[in-house]
Structures are given as C-alpha cells and as structure tokens.
Amino acid sequence: MALEFSPETYKKFEETIARYPKKEAAMLPVLCLAQKEFGYLGQEAIEYVAQLMGQPPARVQGVVSFYTMLNPKPVGRHNIQVCRTLPCALRGAEKLTSFLKKTLDIELGQTTGDGRFTLSEVECLASCGTAPMMQINDDYYENLTDEKVTEILASLK
Amino acid sequence: MEKVLLRNIDVPDSHALAVYRSRGGYRAWEKVVQSMKPEQLIEEVKASGLRGRGGAGFPTGMKWSFVPKDSPKPKYLVCNADESEPGTFKDRLLMEKDPHATVEGTLIAAYAIQSHTAFIYIRGELAFGAGVLERAVDEATQAGYIGRNILGSGYDVDVIVHRGAGAYICGEETALLSSLEGGRGWPKLKPPFPATHGLFGCPTVVNNVETLAALPWIIEHGAAAYAAMGTEKSKGTKLFSVSGHISKPGVYELEMGYPFVKFLDEDCGGVPNGRKLKGVIPGGGSMPVLRPDELEKVNLDYESVQAAGSLLGSGGVIVMDDTTCMVRAAWNLARFFAHESCGQCSPCREGCHWMEKIFRRIEQGEGDKDDLGLILNVSGNIMGNTICPFGDAAAMPAAAFIKKYREEFEEHIAQKRCTVRME
C-alpha cells in the first residue's frame, strides 16, 4: 500500500499550507511532517509529498538532498549528532566522538543493531560556549563529559 | 553601560509575555503602530546608527528605505534566525530567553516597510528556540499585538515562525529566501537586491535577530540615546559570543569600541590553565584569525577590527591557546566550508574541497612544500568569483591561517607530523 498521512497529520498538513502566502513555501515544514510520520524520506515518501505539493518528485528529491536534517534513509530511534566544528573541537569534540563510537560499538554513519542509536558528526550547532555538545533528535546536550554521556545514553530506551 | 539586548536575560520567566510587559515590553510597538508614520520610524532608526548584526554591518534604516513604497506587490519582512556561523550563539540566547524582544522587533521592522506578512526563519536544529518563539507569537497574537487592526491602528500583520532543515548557506539572505520559497537554499545574484526583488519576486527585507531585538529599546529611549553609545561609525551595543580556550565562555553585551584585550582578559577571565593565547578569530569562522601581537590596539567595532586585517562579522570570538595546532584548526574550518558549499559556483564548489584535501594531507604528515602556495592560489581564485559571500568566507580564513602561522605549517610539512597536539 502506498504511503499516506494519517488523518491527524493530514489535518496538520492542511493547516500548515494555509499559513503560507504560497503553497510551495510550505515545502520544508511539510517534508518535516512527512519525516516525522514515515521516519525517513525515501522514494515513496518523496513521491507522496510531491503529489501533495503539486510538484515534480525530482524537485522534492532535490530539496531533500540539500538539507542535512532530512534523512533519505532510516535512522535509529535516537539520532546522535556530535558537533565537530572548531569551537567544539577546541574543547574535546574528537574525544567525545571516540567515546561514543567505543560505547555504542559503531562507526560514524552507522546504527546500532537494535535500531536504538545512530551516530554521526555535524557542523556547528550554535552551542559553542557549552562545548563539547551533541544533539539527540530535537534535544541539545551540552558541556559533556564521559560520565554525563553514559547517563544520557542509559536514559534513552 | 545600560544593557539594550540582554536587559531581560536574567529575569526569571523572561520568555513569558506578562514578564516581558512588566519590563516595558511592547510599549515601543504600541507607540510605533499607534503614533508613528513608517517614514518617521525609518528616519529614527537611521539616526540611531544601527547596523545589521548578522555580519555585514549594513545600516538598518537605509536597508528599509530601499523598499519601494508604491509597489503593488506584497512586501515581506524576514527575521534571519538561521544562526550557523561557527563560534556564534548569541541569537539563540536572545530567542530562547527573550523571544518577545525578537517578535516586537520583527513587528516594528514589518511596520517600517509596511509588510503584512513577516517570517522568522529559524534554523531547524534549534527546535527548542523555535518552540519558544512560536509560543511567544501565539501570546502576542492573543494580546492583540499581532493580527488584524492591531490596537485599533488599522494595520495588519501576521508572523510565521518557519523552521529550516539544516544548511549553513541559508543564513545568506538570498539563500534564505530561496529556501523559504520551498527550494534548495541557493543564493541568487545581486542585483536585483531583495529590497526590490526578494521573496517570490516581491520587495523583501531580511534583518538579523540581534538587529531586530535592538529596535524596541531604540524606539523607547530614542535614537540619540542609542547613538550616544559606541564609536562614531559603530553605534550602540553588540553581542559577542566567546568560545574555545577561554575561562568564561558565553554571550556578552558590550558597547561598541570596547578594547579587545581587556575584554578577553578581564571580562572573559583570559586563557585558562596558565596557557598562552595563540590566536583569536574575532567574528565567526568566516573571518581571518588574528595573532596576539595584532590584538594590542584593536577595539571591538567594525572599523577597528577591519583595520587590524579581520572583520567583526557576527561577533563570534573563537579563542585558541598555545596547545592548538593551527594546521588542524585551519583544516577543521576548511572541512566546514567544503561541507557547507551549496555547489552552485564552480570556484567555491571545487575550491573548498580542494583546500580541505590539501589541509588534511598536511595535517596527516603527507604535505608537500608546494602545498601552501597551492592553497593560497586556490583561495585567491575563489575570492570575488562567486555569487554570494560564502566563497570569500571560505577563502579568507584559509589564507589567513597560512600567512600568519606559516612557520608552523612549514614545520608540519618538513617533519611530516604535528608538533603541537590539540586535546
């Protein structure tokens, strides 16, 4: 069966496009709704959004491939993104990444076997004064130490 | 110095409308919408000397005045909250702790250009801040500050909080507008400028969060009070976000023209652990690094930092002590730009990756004696040859690291290893 929004999400979709002066301006919020609903933006999701937005799938695909927060492939339940840019690097971002790799026993870009965690590095997240830091899904975790990271990982099921 | 931008930051529940109003919030908006003409407002902001705080420092009132008054098209005001410049986290603080100041500033700017739809484009990663702003917009709407016939003035405006989805380039104003049009965040050639051909080809003004958040204070206290602070050409106060090897990282509000060395040593507590300062990037990762000997006479204002060979930019101050490997630091930033180049212009798309590869091989002990000249050559060929300032932003710091720490780069190449190790 082809992908489609649940009635609740479809209502949100309609409310979203109604907010904007032109429908195409709602592309990013609609893609975010789709990612939340379907977990990632694979080919089927892209075709569905294209149909909803009245745009060619190629254009939607072009948007998805441009933005780092839009995932063309599935990610774990907890998507860990470590900031690697200079201010964080000066305060131990590389050590943080090594610790996470070792603890989770995965490399960057991989997901743990149980689908719990995905690990990657990202560029500056505007949290330079509280480095090193990582983002997990929507939440920022700052001023990290190995002990704090261990606690955080244990709290995420 | 009286705080303009951080005046509410430490007040408990400063994000709530009731608290913001108890501190004088929305009085400026009431005054503007009920008693000021748009031209009068533009003149007031011109007189204040306020310049854009996103990095370019363009006079705000002048930017507004470029919007045609007789255009039959809708006009748009966009608050640029896509804060992504390495070392910069000031707008995030403002939005999370004092969101109504950003909203009030957005309303004032929208009124100045007579826009009836305003957007706050916030980077998608700042989900918490976006939620805080959305609640602030809802509160302000319920209180009658946003919507139709605001406070009986006959003026209507809607404010939409729009979340980005992860792309540094969207902080560049024309890229931001491409993104808001629902496409890839590709910059556009200027001219035409957004003031005449912006969002959907309509007159548009894009202002940074910090710029807008200064407006309520300026209206409340008057342009003269704002212009009385700072230097002749850099008026008022500015936020500085300090990171890296510094005792007290954080966001500071300073009167423009404050001595740089005093700021680092006294306000920020200096470099910790008894180490020495090796270099400072004064205005975010796109700006040339300065050596300690170049800081002596520098004051924190646009002109003084420029005279020292860098730029004030976003005010993102990145401090590096003597344990920092400058090759690794340069490579780190080159990697940032290679990752973030939007791919439209060949010199930037190819050049950023080329520079990143050369820096990396030097860092890994596989550099060649001709590599430094090669990076300078690539950097020189990017400068000025791209449609947006991103190319220059990638090229300038790369060249500055080599020119200012040449011996360290040469030693790295000769010894085929790093002689300083970052933590």
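Reply: Strand 1 (residues 76–81) of chain B and strand 4 of chain B run parallel and are joined by five bridges. One pair can be picked out by name: B:Tyr76 has B:Thr204, in strand 4 of chain B, as its bridge partner. This is a predicted model, and everything said here refers to that prediction.

Helix 9 (residues 209–221) of chain B packs on the sheet, where it touches strand 1 and strand 4 of chain B. The direction of helix 9 makes about 90° with that of strand 4 of chain B.

The sheet as a whole is open and has four strands in the order 3-2-1-4, with parallel pairing. Strand 3 (158–163) and strand 4 (204–208) of chain B stand at the edges. Each of these two has a single partner strand, so one side of each has no neighbour in the sheet. On average, neighbouring strands of this sheet are turned by 20° against each other, direction ignored.

The domain assignment of chain B gives domain 1 (17–227), domain 2 (237–321) and domain 3 (326–415). Between the C-alpha centres of domain 2 and domain 3 of chain B the distance is 23 Å. In the contact between them, eight residues of domain 2 of chain B meet 10 residues of domain 3 of chain B. The domain 2 side of that contact has four nonpolar, three polar and one charged residues.

Chain A also has an open sheet of four strands, here in the order 2-1-3-4 and with mixed pairing. Its edges are strand 2 (117–122) and strand 4 (139–141) of chain A; each has a single partner strand, so one side of each is left without a neighbour in the sheet.

A:Gln81 stands opposite A:Ser120, which is in strand 2 of chain A. Helix 6 (residues 93–104) of chain A packs on this sheet and touches strand 1, strand 2 and strand 3 (134–136) of chain A. The direction of helix 6 makes about 150° with that of strand 1 of chain A.

Overall, chain A has seven helices and four strands, and 37% of its 157 residues count as buried.

Technical notes:
Residues are numbered from 1 along each chain as its sequence is written. Chains are lettered from A and ligands numbered from 1 in the order in which they are written. This is a predicted model: local features need pLDDT of at least 70, side-chain atom pairs count only at pLDDT 80 or more; totals for chains, interfaces and linings use all residues. Domain bounds come from an automatic or database domain assignment. Two residues are in contact if their C-beta atoms, placed from the backbone, lie within 7 Å. Ala, Val, Leu, Ile, Met, Phe, Trp, Tyr, Cys and Pro count as nonpolar, Asp, Glu, Lys and Arg as charged, and the others, Gly among them, as polar. A residue is buried if 20 or more other C-beta atoms lie within 10 Å of its own, exposed if 12 or fewer, and partly exposed in between; C-beta atoms are placed from the backbone. Two strands pair if DSSP finds at least two bridges between them. Axes are lines fitted to C-alpha atoms, for helices over the stretch in contact, and angles run from 0 to 180 degrees between N-to-C directions.
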